[in-house]
Amino acid sequence: MPSLVLDGARRVFQVADWVGGTGTKPATGDYIGATGLTAIMADAVDVRGAAGTGTGDMEKVDYDTNADGKVTAADIADSAPWAGITDKPVTFPPAAHSHADATTGASGFMSGADKAKLDGVASGATTNATDAALRDRSIHTRTQLATTISNVSTAADARISAAVGASVQAYNAALIGTTGTFTTAMSAKLGFITVTGNVDLDDLRAKVLGLDQAIILKGTWDASVGSFPGAGVAQAGFTYIVSTGGTVNGQTLPTAIVSSPTPPTPRPRPSQPTGSRKTTPTPCCRPPAALVLSF
């Protein structure tokens, strides 16, 4: 087996011993030359090779090319793929630790107070609008009690006075002096009135009075027959006393009630001459009260 020996700047192999094989071992001490063993060291092969061009030491620019303080080859370990790492643990139990709450200047965990605020925001709520948008009345669609708006009464009175004039005060005084009450019965009466145009009440009254003067009493009428009298030829002003009640065209007509005549108080007559016949004044009778039907 050879051993490396120095020959000045050269390095050569010298046979130090023989191992293995059979028979007598060859002599030792020779050098390994280019064609075989040689007893001359100078003829031995220099296994060191030619001298390099450097100074003999590796410089930092050679082994730390990115100047990060680590050998360049070691940088690969900083970005090794997870799949390329062997003997990884199966689970990673977390160590005890804590996290600070988030602030306006630093990220962190949500605090309980912030969570309560977030829960108070309705789902789908919009972000805060600008002051100009908040003051835009066109986007406000809900109502607000006038009593909750400051100075609304004063401002409303001023606008009404400017629009209508001083006559508002006169109307107000008239209403204040009114003590009557508009009852439900009055409202019901108004419900029976239907007017589609202007009506001259004075003219209407004159026409009604004219009809009253044109009433013509035609006699009695039995409403139980179920049809109106006159056989279709009744004229305006014809009046009948209902002798027997009945229903005609859904209108119930009761029997007329006739009261007994009440005689007036007799007036004293002047004395009669002797031999004349005494007469008894005949009382005048008022007409009986009756339910009448007029056309």
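**Confidence.** I began with the chain as a whole: its pLDDT (the predictor's confidence in each residue, from 0 to 100) averages 75, and 74% of the residues score at least 70. The model is predicted, and I note that local features need pLDDT of at least 70, side-chain atom pairs count only at pLDDT 80 or more, and totals for chains, interfaces and linings use all residues. Residues are numbered from 1 along each chain as its sequence is written, and side-chain values use heavy atoms, with hydrogens and water left out.

Confidence is highest in α3, at 90, and lowest in strand β9 (residues 292-294), at a mean of 50.

Over residues 275-291 pLDDT stays under 50, and the model has 24 contacts there beyond four places in sequence (contact means heavy atoms within 4.5 Å). Where pLDDT is low, the predicted coordinates should not be read in detail.

**Backbone.** I looked for positive phi values in residues other than glycine. Most residues other than glycine have a negative phi. Asp87 has a phi near 60 degrees and is found in the loop between α2 (75-78) and α3 (112-119). Asn249 has a phi near 50 degrees and is found in the loop between β7 (246-248) and β8 (251-253).

**Exposure.** I checked both residues against the cut-offs (buried under 20% relative accessible area, exposed over 50%, partly exposed in between; 1.4 Å probe, protein chains only). Asp87 counts as exposed because its relative accessibility is 79%. Asn249 counts as exposed because its relative accessibility is 71%.

Terms used. Helices (H or I, at least four residues) and strands (E, at least two) are DSSP runs, numbered from the N terminus.
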